[in-house]
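This briefing walks through one protein model, topic by topic. Please keep the sequence and the structure in view while reading the points below.

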Amino acid sequence: MRPLRAGRRATPARRRARRDPAPSRLAYRLHRLWLTPLFRGIIRIGLPVALILGGGIAYLSDDARREDLQAWLAEQRRAFEERPEFMVKLMAIDGASAELAEDIREAVPLDFPVSQFDLDLEHIRRTIAGLDAVADVDVSLRGQGVLQVSVRQRVPVVVWRGRQEIALLDETGHRVAAVIARAMRPDLPLIAGDGADRAVPEALRLMAAAEPLKARLRGLVRMGERRWDLVLDRDQRILLPERDPVAALERVLALDTATDLLARDVTTIDMRIPARPTLRLGPGAREAFRMINLFELEEGAVGQ
Amino acid sequence: MSDLHARQRAMRAMRKAAMQRGVIAVLDVGSSKIACLVLRFDGGERIAGDEGVGSLAGQSTFRVIGAATTRSRGVRFGEVEAMGETERAIRTALQSAQKMANQRVDHVIVGFSGARVRSYGLAGSIGLEETAVSEQDVARVLAACDMPDIGEGREVLHAQPVNFALDHRSGLTDPRGQIGNRLSVDMHMLTVDGAAVHNLLRCINRCDLEVAGLASTAYTSGISTLVEDEQELGAACIDMGGAVTGVSIFMKKHMIYADSVRLGGDHITLDISKGLQVPLATAERIKTLNGGAVATGMDDREMIELGGDSGDWEHDRRTASRAELIGIMRPRIEEILEEVRLRLDAAGFECLPSQQIVLTGGVSQIPGLDGLAARILGNSVRLGRPLRVQGLPQAATGPAFSAVVGLSLFAAHPQDEWWDFEMPAERYPARSLRRAVRWFKENW
């Protein structure tokens, strides 16, 4: 019988056993374990993932290290953003007058050069669009580090004498700028009264209709925020109705052409009820009218 | 008896579980080599189960994904002699097969050649309660076979119904559903030495494996080497292995007899070693390279270097002619074939309609063996190689591998055995709860 345990190294049995390719029981079991799909998955995927995660968490669990990492990241980010190809060196403003351009530069205080990652174009656009004189604005980045601002300005069409200030309005009634005195823009018609700025288009139509009276026209006054008074020199007023004022004005102009109405001593032409135009006479005319009436009365009495 | 029934059924359940998992190993524990194949089943089992044998004899359902062979140690005459050595040899074979398959195997079907197989023919007969034969009736008729005295410590390895007869009609393969009054069955039973099987199972359990089936290699060589008409008409398969030569006789696609001769290739090697006074390894090499069974005049002139490393020049330069070698080998081959002849005569092989003899196994590769065998066994002798199965490596297609290839066919499509049928209620132990349940099932 073979020796039950392997003897000394020199025995032939031992030498033969060493040549034996049979795997040890441990090797056999490990090999079988390795061939088990679940175990294999855990070792090949689960273990590396756990190691990396664990290492990362252990590294980041220290506050100082985390701050260092954040600082380093921020610095890297800054260095990237401040590369020369990303820097904006100047702002070009198109379509704006000199004063408006000045206002825009004041409203958007940028300290050039600035990285284009720090620019909030939408915010800049909204800021500029918030200026009164700006109708529309387009902000974009052009090559070579230029911030392009294309502006469409509002065009003032009337001067509005309000309660607080004298302002220029565009055709929609939007405030464009303030002026110190009416005399600064004599080329523009004048409107006055509360709520006049909300009826600018109507005022403009009335102005156009009152073109024949241009030499005598002083301005339009909004009355009670609902209707217009056309004011001429010699303190003459044409009271226009709330509804369809242009037609009423044209009737007055027709009367004027026919009877030279406005040249007479009439203080007010009241068209507020279009079916019943009313005149208020000046003091001289009133006296004359009374005399005429008296004369006619006497004549009538004589005739009878 | 019921213990065996339960054990074999447990093995069948294990095989089913392995099929579900899709991977099973077959292991041939031989005396000169241990071969292992890892099979992968790809869901073909259902088709094979429903409609009898599937395409290509059920072998299209599996594929060999791992194969390994190792020198056997600790096995003598197909039986475990040194358990530790055998266990290590099995481990070696399994590990390299698993490595090749890259898949873990937990279930193994084991074939072995030794353990003194003995074959019995059994007959049983019952009257049918109903006119049509049910599966219950088949189980009952199988249980009705009178059990011979198989001897102390022996166990049943195979118990296959070979032939059914219904009244006067015999030769039925499947009597279920047919109408008759009396059902009788012929059963072939193979018994083996229980202790030898027990030792082998213990070796396998120590390798952390579950046994999903047991088979005799005499049987599995037959199913892999005999072609269909040979199995149908009657043929004998002689599996000439290392230390045991298995004999199995097939008829009508069933094994009807099996036996083994405890002589084989190792004895030839031993004869050469003694006769030429060379070490066993040299003798094995000379046998493999220069061996033969029939000497011709040319062989006198063909000298074989015997070699040696004794340091004595005269001793190390010895030569022997091939005729001398054949002269040593031939008597032993004749002895083996004579023994096989005796076994075949005892089985009544000459009464079969066709008397084809197929030689396989490692020894069948000796040149000139078929001529010698024809003179001893009869005229119709051919050399057999195993069936080609999918994925089998070229190195494992030789006749030495017919047993392990047969085992894989056995794994893919095992024949119905006695324990594949439900045990009839009368055979259950008295007062068993299951018996009551069975009674309810049958009567309600």
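Predicted model: local features only at pLDDT ≥ 70, side-chain atom pairs only at ≥ 80, totals over all residues.

## An enclosed helix in chain B

The buried residues of H6(B) are Thr217(B), Ala218(B), Tyr219(B), Thr220(B), Ser221(B), Gly222(B), Ile223(B), Ser224(B) and Thr225(B). Helix H6 spans residues 217-225 of chain B, and 9 of its 9 residues are buried, so the helix is largely enclosed by the rest of the structure.

- Chain B has 15 helices and 18 strands, while the secondary structure of chain A comes to 9 helices and 14 strands.
- Of the 444 residues in chain B, 45% are buried, whereas in chain A buried residues make up 17% of 304.
- Among the contacts in chain B with a separation of 6 or more, 71% are between residues 24 or more positions apart; for chain A, the corresponding share is 44%.
- Where the chains meet, 9 residues of chain A are in contact with 9 residues of chain B, and the chain A side of this contact divides into 5 nonpolar, 2 polar and 2 charged residues.

**Nonpolar cores**

- The largest nonpolar core has 119 residues, and those with the most contacts inside it are Ala25(B), Cys36(B), Leu37(B), Ala93(B), Ala97(B) and Ile109(B).
- The largest share of this core, 10 residues, is supplied by helix H12 of chain B, which covers residues 322-347.
- Both domain 1 (118-194) and domain 2 (265-333) of chain B give residues to this core, so the core lies between them.
- A second, separate core has 40 residues, including Val134(A), Leu147(A), Trp160(A) and Val200(A).
- Leaving aside residues up to four places away in sequence, Ile109(B) touches Ile24(B), Val26(B), Ala212(B), Gly213(B), Ala215(B), Leu407(B), Phe410(B) and Ala411(B).
- As general background, nonpolar side chains in soluble globular proteins tend to be buried together.

- In chain A, 9 strands form an open sheet with mixed pairing, in the order E8-E7-E6-E9-E10-E11-E12-E13-E14.
- The edges of this sheet are strand E8 (175-179) and strand E14 (278-281) of chain A, each of which pairs on one side only, and the twist averages 25° from one strand to the next.
- Within chain A, strand E9 (residues 190-192) and strand E10 (residues 217-223) pair in the parallel sense over 2 bridges, with Ala192(A) standing opposite Val221(A) in E10(A).
- Helix H7 (residues 200-209) of chain A lies across strand E6 (158-161), strand E7 (166-169), E9, E10 and strand E11 (227-232) of that chain, and runs at about 40° to E11(A).
- Helix H8 (residues 245-259) of chain A lies across E11, strand E12 (237-239) and strand E13 (266-270) of chain A, running at about 30° to E11(A).

**Antiparallel pairing in chain B**

- Strand E7 (residues 118-127) of chain B pairs with strand E10 (residues 182-193) of chain B in the antiparallel sense over 10 bridges, and in this pairing Met189(B) in E10(B) is the bridge partner of Tyr120(B).
- Strand E8 (residues 154-166) of chain B also pairs with E10(B) in the antiparallel sense, over 11 bridges, and Ala165(B) stands opposite Ser184(B) in E10(B).

**Loop residues of chain B with positive phi**

- Asn102(B) has a phi near 55°, which is a positive value in a residue other than glycine, and Asn102(B) is found in the loop between helix H3 (83-101) and strand E6 (107-112) of chain B.
- With 10 other C-beta atoms within 10 Å, Asn102(B) is exposed, because a residue counts as exposed if 12 or fewer such atoms lie within that distance.
- Ala115(B) has a phi near 65°, again a positive value in a residue other than glycine, and its place is in the loop between E6 and E7 of chain B.
- Ala115(B) has 26 C-beta neighbours inside 10 Å and therefore counts as buried, the cut-off for burial being 20 or more.

How values were computed. Residues numbered from 1 in each chain as written. Chains lettered and ligands numbered in written order. Core = buried A, V, L, I, M, F, W, Y, C linked by C-beta atoms within 7 Å. Helix = DSSP H or I, 4+ residues; strand = E, 2+ residues; numbered from the N terminus. Domains from an automatic or database assignment. Contact = placed C-beta atoms within 7 Å. Nonpolar A, V, L, I, M, F, W, Y, C, P; charged D, E, K, R; others polar. Pairing = 2+ DSSP bridges. Axes fitted to C-alpha atoms, helices over the stretch in contact; angles between N-to-C directions.
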